[in-house]
Amino acid sequence: MILISFDIDGTLTVGDPPGILPMEMVRAVKEQGCLVGSCSDRPISAQRAIWASHNIEVDFTVSKHMLPDVKAEFAADVYYHIGDREDLDRRPALEAGFEFLWPHEAVEMPWVEGT
């Protein structure tokens with residue numbers, strides 16, 4: 001099982017600023033059986049509204065500092081966080097025991113095939 005946490009701003013195309021990862025990619029990896037959700041600086045209600053507006057049912061929506069709780073709640077073989085900032089994404093992800101991917105690296109992952 002793969003768990004993927006997405007930052008929103010600077011990572012997803014719906015972010016402010018927009019990133020390079022389309023919502024179709026999130027939908028596709030979810031349909032492939034990955035656990036997906038967001039870990040963002042945005043309020044939880046705003047994160048949920050984004051997912052709902054794109055008809056994507058996510059497994060979690062949390063604030064950035066909650067990655068350790070996500071790992072504790074969900075059993076997975078590997079945990080990824082995808083983000084665009086060293087200090088707010090990469091460092092906290094690594095500290096929480098997640099693998100970290102920059103958006104341009106995420107599009108090259110095998111679980112993105114077919115998107």
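## A crossover at one side of the sheet

In this predicted model, strand β4, helix α4 (residues 86-95) and strand β5 together make a right-handed β-α-β unit. The two strands of the unit, β4 and β5 (residues 99-101), run parallel and are joined by three bridges, and one of the pairings sets Ile82 against its bridge partner Leu101 in β5. Helix α4 lies across both β4 and β5, and its direction makes an angle of about 165° with that of β5.

Strand β4 is largely enclosed by the rest of the structure, because four of its five residues are buried.

## The sheet as a whole

The unit belongs to an open sheet of five strands, whose order is β3-β2-β1-β4-β5 and whose pairing is parallel. The edges of this sheet are taken by β3 and β5, each of which has a single partner strand, so one side of each is left without a neighbour in the sheet. From one strand to the next, the twist averages 25°.

## Strand β1 and its two partners

Strand β1, which spans residues 2-6, is mostly covered, with four of its five residues buried. On one hand, β1 pairs in the parallel sense with β4 (residues 78-82) over five bridges; within this pairing, Ile2 has Val78 of β4 as its bridge partner, and Leu3 stands opposite Tyr79 of β4. In a regular strand, side chains alternate between the two faces of the sheet.

On the other hand, β1 is joined by four bridges to β2 (residues 35-40), and these two strands also run parallel. Here the bridge partner of Phe6 is Ser38 in β2. Between the two strands the chain passes through helix α1 (residues 23-31), and this β-α-β crossover from β1 to β2 is right-handed.

Helix α1 lies across β1 and β2 and runs at about 160° to β1. The buried residues in this helix are Met23, Met25, Val26, Ala28 and Val29, and the elements that cover the buried residues of α1 include β1, β2, α2 (44-53) and α5 (103-106). An α-helix has 3.6 residues a turn, so residues three or four places apart point the same way. After α1 comes Gly33, a residue with a positive phi near 105°.

## Ser38, a buried residue of β2

Ser38, found in strand β2, has a relative accessible area of 0%, and it is therefore counted as buried, the cut-off being under 20%. The side chain of Ser38 makes a polar contact with the side chain of Gln47, at 2.5 Å.

When neighbours within four places in sequence are left aside, the residues in contact with Ser38 are Ser5, Phe6, Ile8, Gln47, Trp51, Phe60, Thr61 and Val62.

## Two loop residues

Lys64 lies in the loop between β3 (60-63) and α3 (67-73). Is this lysine buried or exposed? Lys64 counts as buried because its relative accessibility is 11%, which is under the 20% cut-off. With neighbours within four places in sequence set aside, Lys64 is in contact with Asp7, Cys39, Ser40, Asp41, Leu88 and Asp89.

Thr13 is found in another loop, the one between β1 and α1. Thr13 has a relative accessible area of 36% and is therefore partly exposed, since that class lies between 20% and 50%. Not counting residues up to four places away in sequence, Thr13 touches Pro18, Gly19, Ile20, Leu21, Pro22 and Met23, and Met23 is among the buried residues of α1. Although Thr13 and Glu108 are 95 residues apart in sequence, their C-alpha atoms are 17 Å apart in space.

Definitions and conventions:
Residues are numbered from 1 along each chain as its sequence is written. This is a predicted model: local features need pLDDT of at least 70, side-chain atom pairs count only at pLDDT 80 or more; totals for chains, interfaces and linings use all residues. Side-chain values use heavy atoms; hydrogens and water are left out. Buried means under 20% relative accessible area, exposed over 50%, partly exposed in between (1.4 Å probe, protein chains only). Two strands pair if DSSP finds at least two bridges between them. A crossover is right-handed if, with the strands pointing away from the viewer, the path from the first strand over the helix to the second runs clockwise. A polar contact is a pair of N or O atoms within 3.5 Å; within protein, one must be able to donate a hydrogen and the other to accept it, and residues adjacent in sequence count only if both atoms are side-chain atoms. Contact means heavy atoms within 4.5 Å. Axes are lines fitted to C-alpha atoms, for helices over the stretch in contact, and angles run from 0 to 180 degrees between N-to-C directions.
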